[in-house]
Amino acid sequence: MKYTVITGASSGIGYETALAFASRGKNLIIVARRKEKLEELKSEIAHINQELEVVIRTTDLSVTENAYKLYESLRDFQIETWINNAGFGNFASVAKQNLNKIEEMLHLNIETLTILTSLFVRDYSNVEGTQLINVSSGGGYTIVADAITYCATKFYVSAFTEGLAHELKAQGAKMQAKVLAPAATETEFAQRSLDVDEFKYTGVVPKYHTSKQMAGFMLDLYDSEKVIGIVDGYTYEFELRDPIYNFAVRTTSSDSELE
């Protein structure tokens, strides 16, 4: 029996992605901090297909050690797809940003994603049909004012995952590594980024997608041979693309490019 792992599954894109993969008949391992939300999601999945197996893992992935513990707890499962969706943002100038929150964001958006990706690739890169999808952002390709640190974390996610896609291809590996880069999406993202209890997108954000729409785009990316699924920040059209960042193959003559 094969499973799809989705982190950050308690709300937003992760929640809707779990429902979308359930509609494809995929057994799921759903991961987040809030157990009650995961139980709610499991009930929703049962309405779609009660034959599916849904495994809940409750953990705070902003604590780096928990990434290792999560992966170790899944050793007995055969994993087909791993989706690193967990992450959060922050809106503030660099001089005024809350550094405790920033530390937590760096742990989650960068460290945990890197650890889980590395462990999954180590075990499954040569297993037929496996996919890794890391959720970045339009802010992983464009620097947004008052979200510089957040964007920098997502630039990392984009560059790291695109680089991994090149690496896997060069090795002839069977795994595909992909990047989903949403633009504004109606989730809890704005609440967490602004540290507010409630945020209404309607009438405030000129253009945005719903989480359900983004989950549909996730499936489009999953079904494709492309590396990137990105929302155009102006038209809000979804595009499937080849890697965007330049990739230099290291040779003796090109070592200086890394300096």
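**Note on helix packing and the sheet**

1. Helix α3 (residues 64-73) packs against helix α4 (residues 99-124) at about 25 degrees, with the axes 9 Å apart. Axes are lines fitted to C-alpha atoms, for helices over the stretch in contact, and angles run from 0 to 180 degrees between N-to-C directions. Helices (H or I, at least four residues) and strands (E, at least two) are DSSP runs, numbered from the N terminus. α3 and α4 are therefore roughly parallel to each other; that term covers angles under 35 degrees.

2. This is a predicted model: local features need pLDDT of at least 70, side-chain atom pairs count only at pLDDT 80 or more, and totals for chains, interfaces and linings use all residues. Residues are numbered from 1 along each chain as its sequence is written, and side-chain values use heavy atoms, without hydrogens and water.

3. Which residues of α3 meet α4? They are Thr64, Ala67, Tyr68, Leu70 and Tyr71. Their partners in α4 include His107, Glu111, Ile115 and Tyr124. Contact means heavy atoms within 4.5 Å. The residues of this α3 and α4 contact divide into 9 nonpolar, 3 polar and 2 charged. Here Ala, Val, Leu, Ile, Met, Phe, Trp, Tyr, Cys and Pro count as nonpolar, Asp, Glu, Lys and Arg as charged, and the others, Gly among them, as polar.

4. α4 also packs with helix α5 (residues 148-171): the axes come within 9 Å and cross at roughly 10 degrees. α4 and α5 are therefore roughly parallel to each other. The contact of α4 with α5 has 12 nonpolar, 6 polar and 1 charged residues.

5. Now the sheet. It is open, with 8 strands in the order β3-β2-β1-β4-β5-β6-β9-β10 and mixed pairing. Two strands pair if DSSP finds at least two bridges between them. β3 (54-58) and β10 (238-241) stand at the edges with a single partner strand each, so one side of each has no neighbour in the sheet. Neighbouring strands are turned by 20 degrees against each other on average, direction ignored.

6. Strands β4 (residues 78-84) and β5 (residues 131-135) run parallel, joined by 4 bridges. Isoleucine 83 stands opposite isoleucine 133 in β5.

7. What lies across β1 (2-7), β4 and β5? Helix α4 does, running at about 155 degrees to β4. Helix α7 (residues 211-223) packs on the sheet too, touching β4, β5, β6 (176-181), β9 (228-231) and β10. The direction of α7 makes about 155 degrees with that of β6.

Terms used:
Parallel < 35°, antiparallel > 145°, perpendicular 65-115°, else oblique.
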